[in-house]
Amino acid sequence: MLNIQRNISLAKYTTLKVGGAARFFCEAKSEKEILEAVKFAEEKNLPVFVLGGGSNILVNDQGFSGLVIKILNTKHEIRNTIVECGAGASLSKIVQESIKAGLTGLEWAAGIPGTVGGAVRGNAGAFGGCMAEVVHSVKVIEIPNFSKARLFPSAKQVGGIPQSQALKSQLPITNYQLRECEFAYRESVFKQNPNLIILSVTLKLKKGDRKKSEELLKEILEERKKSQSIYPSPGSFFKNPIVKDEKLIKEFEIDTGQKIKDKKIPAGYFIDRAGLKGKKIGSAMVGEEHANFIVNTGNATAENVVMLAAIVKTRVRNKFGIQLKEEVQMVGFEKKVL
Ligand SMILES: Cc1cc2nc3c(=O)[nH]c(=O)nc-3n(C[C@H](O)[C@H](O)[C@H](O)COP(=O)(O)OP(=O)(O)OC[C@H]3O[C@@H](n4cnc5c(N)ncnc54)[C@H](O)[C@@H]3O)c2cc1C
């Protein structure tokens, strides 16, 4: 049975280990429990925050004054080249299980923390791969705008629910096919519509060679180790910006010996060049190994992190004319101007 708790600290549910408490909190282990949780929020007119692995969020020190639903429907099933996953399944586990089943296509995701639902919502990517390349379809529910505190437009208003599928009940369950997911760099229709909760995901992989996949997996994990911080973090803090300035592109290519991809330059390159590696506010620090990580070196507060992020944005804008945008999702900041 769904156990709804009060006043639960969220810091331990995030990889950054920062943030205040949720007024209400529950762990939903099945689709039925997710629906039950939504119903509870509806009855109490509470805003909802959907929590996956907490590996890409920054929770306000004041916490979240609504219901946090931790998605824990973790089951998965592999049939031929199809992998059906509960949204709460660990992405790393699905990588391993798919390789074990002789499938290829998901090796790039090795070592990315968090859930399959979180990865789909943010179109997580690494080493040239991303979720958009492996998703077949995504099952979601749209939660209604029952709380005034929830300022999001409904999916319908912004065109999220496919036209072909009329809403039949208050909590419509809809299957989004790949083309309806509107994936782009760290973007999806699910990110544009926070009222959509991903319940499960169907991935389509290819038949592969288990040995080769295992070797690739090992290489990727080794590569990840090189930039791994010893401190807690929410991964990359900013999205890699699209750069049009030819001079900057040339400088980047000369400095790093790399060609730019999709017109994007890693945010960490600019942060590093702005001399910000190791910059600290309280216990929040710009990563020394990876400049696009903001890490928690001890007892960082969300305020420390927000202030440091603001300094990073200002310095990078002043020096390069580049406006960095957060990849990390802010939780509990809705009523404040950052
Ligand atoms: C050390 C480290 C390395 C990382 N490396 C990478 C990397 O290489 N590439 C990359 O892309 N990311 C990376 N990340 C970031 C992060 O792991 C990914 O973005 C991950 O996919 C987030 O999943 P999550 O389950 O933790 O989501 P959470 O952090 O829990 O949530 C993120 C957002 O997704 C929403 N969400 C979560 N689950 C659902 C759901 N079921 N339905 C609807 N919305 C949902 C939440 O509401 C929130 O807005 C890294 C993070 C860390 C800490």
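Here's a quick briefing on a cavity, the cysteines and one glycine. The model is predicted, so to speak of local features takes pLDDT of at least 70 and side-chain atom pairs count only at pLDDT 80 or more, while totals for chains, interfaces and linings use all residues. Residues are numbered from 1 along each chain as its sequence is written, and side-chain values use heavy atoms, with hydrogens and water left out.

**Cavity**
- There's one cavity of 30 Å³ or more, where a cavity is a set of points on a 1 Å grid over the protein atoms alone where a 1.4 Å probe fits but cannot get out.
- The volume of the largest cavity is about 30 Å³, counted as the space filled by probe spheres set on the points, which are joined across faces, edges and corners.
- Its lining residues (an atom within 4 Å of a point) include Leu10, Tyr13, Phe49 and Val331.
- β3 (48–51) and β4 (57–59) each bring at least two lining residues; strands are DSSP runs of E, at least two residues, numbered from the N terminus.

**Cysteines**
- The whole structure has zero disulfides, a disulfide being a pair of cysteine sulfur atoms within 2.5 Å.
- For Cys85, the closest cysteine sulfur is in Cys181, 13 Å away and too far for a bond.
- Cys85 is buried at 2% relative accessibility, buried meaning under 20% relative accessible area (1.4 Å probe, protein chains only).
- Cys26 is buried too, at 0%.

**Gly52**
- Gly52 sits in the loop between β3 and β4 and is buried, at 18%.
- Beyond neighbours within four places in sequence, Gly52 contacts Lys70 and Thr115 (heavy atoms within 4.5 Å).
- Gly52 and Lys70 are 18 residues apart along the chain, with their C-alpha atoms 6.0 Å apart.

Conventions:
1 Å grid on protein atoms, 1.4 Å probe; cavity = no way out; pocket = protein on both sides within 12 Å on 5 of 7 lines; lining within 4 Å. Helix = DSSP H or I, 4+ residues; strand = E, 2+ residues; numbered from the N terminus. Buried < 20%, exposed > 50% of the residue type's maximum accessible area, 1.4 Å probe, protein only.
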